[in-house]
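Hello,

I am passing a structure over to you, and I hope you enjoy looking through it. Please have the sequence and the 3D view open as you read on.

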Amino acid sequence: MKNKRLAFIFGGLLALVILAVGSQLIRPSSEKHQTDKVKVGVLQFVTHEALDDIYRGIKAGLKESGYTEGSNLQIDFLNSEADQSKVQTMSQTLVNNKNQVLIGIATPAAQGLASATKDIPIVMGAVTDPVGAKLVRDLTAPDGNITGVSDKTPIADQLELMATLTPGVKTVGVLYSSSEDNSKSQVEEFKTLAQAKGYDVIEYAVASSNDITSMTHVMIEKVDAIFLPLDNTVASAFTTVVQAAKEAKTPIYTSVDTMVAEGGLASVFINQYELGVATGKMAAKLLQGEQVAQLPVEVFDQGTPIINETVATELGITIPEQLKKEAQLIK
């Protein structure tokens, strides 16, 4: 009788052990996702408010998808500060650190990561022309290890804003970096569309940020307005452009809202933070097992007008009432 009781107790304990082990073996993948830590490598090309907004958005997008930094997410973040040699070494560092997904903020960063690995999935953040930058061949069907988010500048809308806000402008100077493929494609599109509307367009290319001061002073002697594409080199020295343009009373049309707040006159902008959120969510899908080929490049091309009222007043520009209703106004 005693032996039977011991056998019954032993059998019950054994059953509990089996159930406990089994529950761990069949634990849902969603539960594992909440406890296992994943590694994401992020390379940012340069410190600038617009790119910083993208990085903040990336972290928010990852968090919305269930990945929280310090809990189940480790972010391996590096910033090359516009040093192309650092882009290459930092890209290789992020690969060597065995990150599961890599994110490149701005075209040069994405290109550096693409050169460093053909195996680890890469998500582009803030790449205006992924095809021209040779990152993907087809936006709708990525066939390598790269996909992401593209911020296509609404150039036609920019020109419409320019015509409405400064109808007296005839000659437009375009300042950009000759080393950024991203910028070259924007300049080509701007020139084509602007000339079709009757503008004279003069290109001013710089090799590095060191050339921006002298080039800006040359430019403002010959143009009625300045247009700045999405260009990381120019963005890093934007205050120089603002100072020279302010002295010459030359309006600046930018491609991001943060540069309007910093002294530009106006822009039709893509929200950089929301672009970052979309980038983070795409990285999360890759972490959860989706393949690059399943994720077409997401294109942001619908912009919002923004105007700096203080700059407009300094330039003697009256903002039309209808435009006041449509645009975001800042001081």
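Below are some notes on one serine and on a cavity.

Please keep in mind that this is a predicted model.

Let me start with S255. You will find this residue in the loop that runs between β9 (252–254) and α11 (257–261). Is S255 buried or exposed? Its relative accessibility is 4%, which is under the 20% cut-off, so S255 counts as buried. The S255 side chain also comes within reach of a backbone atom: the oxygen of L228 is 2.8 Å away. L228 is also among the residues that S255 touches once those up to four places away in sequence are set aside. That set consists of T153, Q158, F227, L228, P229, L230, S267, V268 and F269.

Now to the cavity. How many cavities of 30 Å³ or more are there? The count comes to one, and the volume of the largest cavity is about 180 Å³. Its lining is made up of 19 residues, and those nearest the centre are L51, L230, D231, N232 and V256. Two elements, α3 (49–64) and α9 (232–236), each give two or more residues to this lining. Which of the elements gives the most? That is α9, with three residues. By type, the lining has 11 nonpolar residues, six polar ones and two charged ones.

Happy exploring, and best wishes

Definitions and conventions
Residues are numbered from 1 along each chain as its sequence is written. This is a predicted model: local features need pLDDT of at least 70, side-chain atom pairs count only at pLDDT 80 or more; totals for chains, interfaces and linings use all residues. Side-chain values use heavy atoms; hydrogens and water are left out. Helices (H or I, at least four residues) and strands (E, at least two) are DSSP runs, numbered from the N terminus. Buried means under 20% relative accessible area, exposed over 50%, partly exposed in between (1.4 Å probe, protein chains only). A polar contact is a pair of N or O atoms within 3.5 Å; within protein, one must be able to donate a hydrogen and the other to accept it, and residues adjacent in sequence count only if both atoms are side-chain atoms. Contact means heavy atoms within 4.5 Å. On a 1 Å grid over the protein atoms alone, a cavity is a set of points where a 1.4 Å probe fits but cannot get out, and a pocket is an open set with protein on both sides within 12 Å along at least five of seven lines; lining residues have an atom within 4 Å of a point. Grid points are joined across faces, edges and corners, and a volume is the space filled by probe spheres set on the points. Ala, Val, Leu, Ile, Met, Phe, Trp, Tyr, Cys and Pro count as nonpolar, Asp, Glu, Lys and Arg as charged, and the others, Gly among them, as polar.
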